[in-house]
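Please open the structure in your viewer, keep the selection panel at hand, and follow the stops below in order.

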Amino acid sequence: MPPATPDPDDPPVRWHRWFTRTETAIAWLLLIVPTLLSVLHGDQTAGHRTTTLLLAAGAAVWLGLTTVAVGAKLRDHPIPAAAMFAGVVTFGAILQARDTYFIIFMVYGFFAAMRMKPMPVAVLGVGITSLLINTMTLGGPIHALSVSPGIWGTVVVVQTTAIGGGGALFAAVGRQNLERKRALDRLAAAEAENRGLQRQLLTQAREAGVLDERQRLSQEIHDTLAQGFTGIITQLEAAAQARDDAAEWERHLAAATQLARENLTAARRSVAALRPEPLEAATLPEALAEVTRLWSERTGVPAEFSATGTAVPLHPELEATLLRITQEALSNVARHAQASRAGITLSYMGDEVTLDARDDGVGFDPAHPPAPPSAEGGHGLPGMRRRAQRLAGALHVESEPGGGTAVSARLPAIPAATLDPTEGAT
């Protein structure tokens, strides 16, 4: 039976085109075979044979008009489909009444019937074809049903149920396949749109990151370098005024030298913070483990790092953000928590990645978080939250006085392959 009709807006489905072409070939074959048999093996008179050939030619013309001249989409339209069926069963019934061989051509009536819509009309067409194909050689439907109504009525009902039910099932499968194809097309379009949105998000995050780094550098220059230079100038001016006192002059000069060294160290630290060096030669879990280890050695607070899930390379913006959040979280522990133990956990969870930082320190009231950044650097919880939010993520903090603190950053796990080659490395 023919498949379900595709939506006019959809491109033709490959198997639907193949089936339509095969069905057309079958229609011509079912007409040519009985015509040849009638000519070669028939015992009719010349006039009877000529009339039969003319009727067969008329059927061929009708097939040409309804299967070749008419396009595939128009062919499946209800009105052309009904016209095609009417012509096929009319020519087929007349030819079968003249020569039994044309029962072969009447079989195509079932195919033509199942192209009609809606489905009840198609089933009715199958019933009409079944009635004609079984009774035309017996004098027609009226004579056959008047002689043996039970037999032929049962045959027609059973045949109609079998063929019509099979055709309905075939059509339902066809519709499901078309719906599945449309769903896959929509999914592919959504994925393409999502990739575009991810690239846009990362571009915006990069721009926001540049602004954030500028603000950070501005804060560090104001809080460290500017103050340091002011101190150096003050010490040099004091040394100039103490030229007559060698000891005092050397003391001010030594203080100015020490401030210059400290400022140089601070400047190098600020420049190094522009690019996460630990990520240049290590994976994200390895980099976070090393950051945690070095922090523990520097502060003397035991700290553990663990990773769960299957580690996959993430977009550089994501990995840099997770590294910065880790550094800031550990920095907060060192400055505020007075903790005896800390832990960092990185979790890969399919389309999300989370970073959890916890400690057993003094905790705080989330309604009154620790003071904003000082001259020691860092942006605290607000800075961590901004980093997460600009990558469509979120930062959650759980803490209570005396109960330690848990910070959890949740970000979309955008893979490294999402990076557009034209964007370059970050």
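Predicted model: local features only at pLDDT ≥ 70, side-chain atom pairs only at ≥ 80, totals over all residues.

Residues are numbered from 1 along each chain as its sequence is written, and side-chain values use heavy atoms, with hydrogens and water left out.

**Stop 1: the annotated regions**

Select residues 25–41, 53–72, 84–111, 123–145 and 151–173, where an unreviewed UniProt entry places the feature "transmembrane region"; UniProt positions are given in the numbering used here, feature names are shortened, and annotations may be inferred rather than shown by experiment. Over residues 25–41 the chain is 100% helix and 0% strand, with the end C-alpha atoms 24 Å apart, and over residues 84–111 it is 82% helix and 0% strand, with the end C-alpha atoms 10 Å apart. Helices (H or I, at least four residues) and strands (E, at least two) are DSSP runs, numbered from the N terminus.

**Stop 2: the sheet**

Next, show the five strands that form an open sheet with mixed pairing, in the order E1-E2-E3-E5-E4; two strands pair if DSSP finds at least two bridges between them. At the edges are E1 (303–308) and E4 (394–399), each of which pairs on one side only. Strands of a sheet pair through backbone hydrogen bonds, either parallel or antiparallel.

Now select E3 (residues 352–359) and E5 (residues 405–412), which pair in the antiparallel sense over eight bridges, and look for Ala-357, which stands opposite Val-407 in E5.

Then turn to E4 and E5, which pair in the antiparallel sense over six bridges; Ala-394 has Arg-410 of E5 as its bridge partner, and Leu-395 has Ala-409. These two strands form a hairpin with five residues between them, and Gly-402 in the turn has a positive phi of about 80 degrees.

**Stop 3: two helices side by side**

How do the axes of helix H12 (residues 316–337) and H13 cross? They come within 10 Å and cross at roughly 165 degrees, where axes are lines fitted to C-alpha atoms, for helices over the stretch in contact, and angles run from 0 to 180 degrees between N-to-C directions. H12 and H13 are therefore roughly antiparallel to each other (angles under 35 degrees count as roughly parallel, over 145 as roughly antiparallel, 65 to 115 as roughly perpendicular and the rest as oblique). Show the side chains of the contact, among them Thr-321, Arg-324 and Ile-325 of H12 and Leu-381, Met-384 and Arg-387 of H13.

**Stop 4: two backbone details**

Most residues other than glycine have a negative phi, and most peptide bonds are trans. With that in mind, select Lys-117 and Pro-118, which are joined by a cis peptide bond with omega of about 0 degrees; Pro-118 lies in the loop between helix H6 (108–113) and helix H7 (119–135). Finally, select Gln-338 in the loop between H12 and E2, which has a positive phi of about 55 degrees although it is not a glycine.

Definitions and conventions
Contact = heavy atoms within 4.5 Å.
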